[in-house]
Structures are given as C-alpha cells and as structure tokens.
Amino acid sequence: MTTLLEHANYTVSDATATAAWMVKIFDWHIRWEGTSVNGGHSIHVGTDTRYLALYTPTQGLAPRADSYSQLGCLNHLAVVVDDLDAVEAATRAHGFSPHSHQDYEPGQRFYFRDLDGIEYEVVQYD
C-alpha cells in the first residue's frame, strides 16, 4: 500500500502574498482560490499532485507562541528541490534570511522563516 501526503492547510496573515512568494521561489502554481470556512479566503498553491492550502480568516489573528513548546503546532514545512543554491538565492531575493545550513545524509538543507514566522526547510537530496 502506498500512502502519500496530498496537502497541509494552515493559517497565514495574507494568503495572496504567501502564495505569490511560493510561486516565485518554489516554481509552484495556484491550483484553486476562493472563499472558504467562516468566510475566510484560501489559496491552494503547489504542484499538480501536492499542495499547501493557505487560509486567511476574516477576523484578526492572535500572535502565536513558539511552535516547539505548544501542543499541536506546526514546527516547519519541508520542500525538496533540485537546485538548492538557486532556491537559496531566490529566498534571499525575496528578503528572507536562510539559516541553519546542514549537510548530512541524505542531503543538504537550509531553513528560513517567512513574514508570519513560519519556518520552511529546503532540502536537496544527493
């Protein structure tokens, strides 16, 4: 039996802005966009088979605590790329600061946080 992750859905302050940088940095496309739960706005961005559902509610958002110390929080999302150096350059060009560069089996990686403080891991397998 094969089991694959199809999508993850999480809240961001501005789904349109988050989707825009994902399209540019990760070379993804918007699969769907529209009104969603509680009148909020969602954008599905990714590939033809896998995506992230970005949700922005209509009411204000409360700041979050450190994800690593809160039960049920998202700690980071990881994406696999073919050209780590090119994606790192694109990440810097969008004003994000790559950090925690590591090289261990099975590949190289770095991390960055977006404007909402969400951490992303970018991996290139050897």
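Biologist: Let's start with contacts. Which residues does Met-22 touch, not counting residues up to four places away in sequence?

Modeller: Contact here means heavy atoms within 4.5 Å. Met-22 touches Tyr-10, Asp-27, Trp-28, Val-45, Leu-52, Leu-54 and Tyr-120, leaving out residues up to four places away in sequence. Before we go on: this is a predicted model, in which local features need pLDDT of at least 70 and side-chain atom pairs count only at pLDDT 80 or more, while totals for chains, interfaces and linings use all residues. Residues are numbered from 1 along each chain as its sequence is written, and side-chain values use heavy atoms, with hydrogens and water left out.

Biologist: Which residues have the most contacts inside the largest nonpolar core?

Modeller: A nonpolar core is a set of buried Ala, Val, Leu, Ile, Met, Phe, Trp, Tyr and Cys residues joined through side-chain atoms within 4.5 Å. Buried means under 20% relative accessible area, exposed over 50%, and partly exposed in between (1.4 Å probe, protein chains only). The largest such core has 25 residues, and Tyr-10, Met-22, Phe-26, Leu-54 and Val-122 have the most contacts inside it. Helix α1 gives the most to this core, with six residues.

Biologist: And how do I read the sheet? In what order do its four strands come?

Modeller: Strands of a sheet pair through backbone hydrogen bonds, either parallel or antiparallel. Helices (H or I, at least four residues) and strands (E, at least two) are DSSP runs, numbered from the N terminus; two strands pair if DSSP finds at least two bridges between them. Here four strands form an open sheet, ordered β1-β4-β3-β2, with mixed pairing. β1 (7–11) and β2 (29–35) are at the edges with a single partner strand each, so one side of each has no neighbour in the sheet. β1 runs parallel to β4 (residues 51–56), joined by five bridges; Ala-8, for instance, has Leu-52 as its bridge partner in β4.

Biologist: Now a helix. Which residues of α2 are buried?

Modeller: An α-helix has 3.6 residues a turn, so residues three or four places apart point the same way. In α2 the buried residues are Leu-84, Val-87, Glu-88, Ala-90 and Thr-91. They cover an arc of only 160 degrees around the axis (taken from the directions from the helix axis to the C-beta atoms), which puts them on the same side of α2. The face turned away from that buried side carries the exposed Asp-85 and Ala-93.

Biologist: What does Glu-88 touch?

Modeller: Glu-88, with a relative accessible area of 12%, touches Pro-98, His-101 and Phe-110, again not counting residues up to four places away in sequence.
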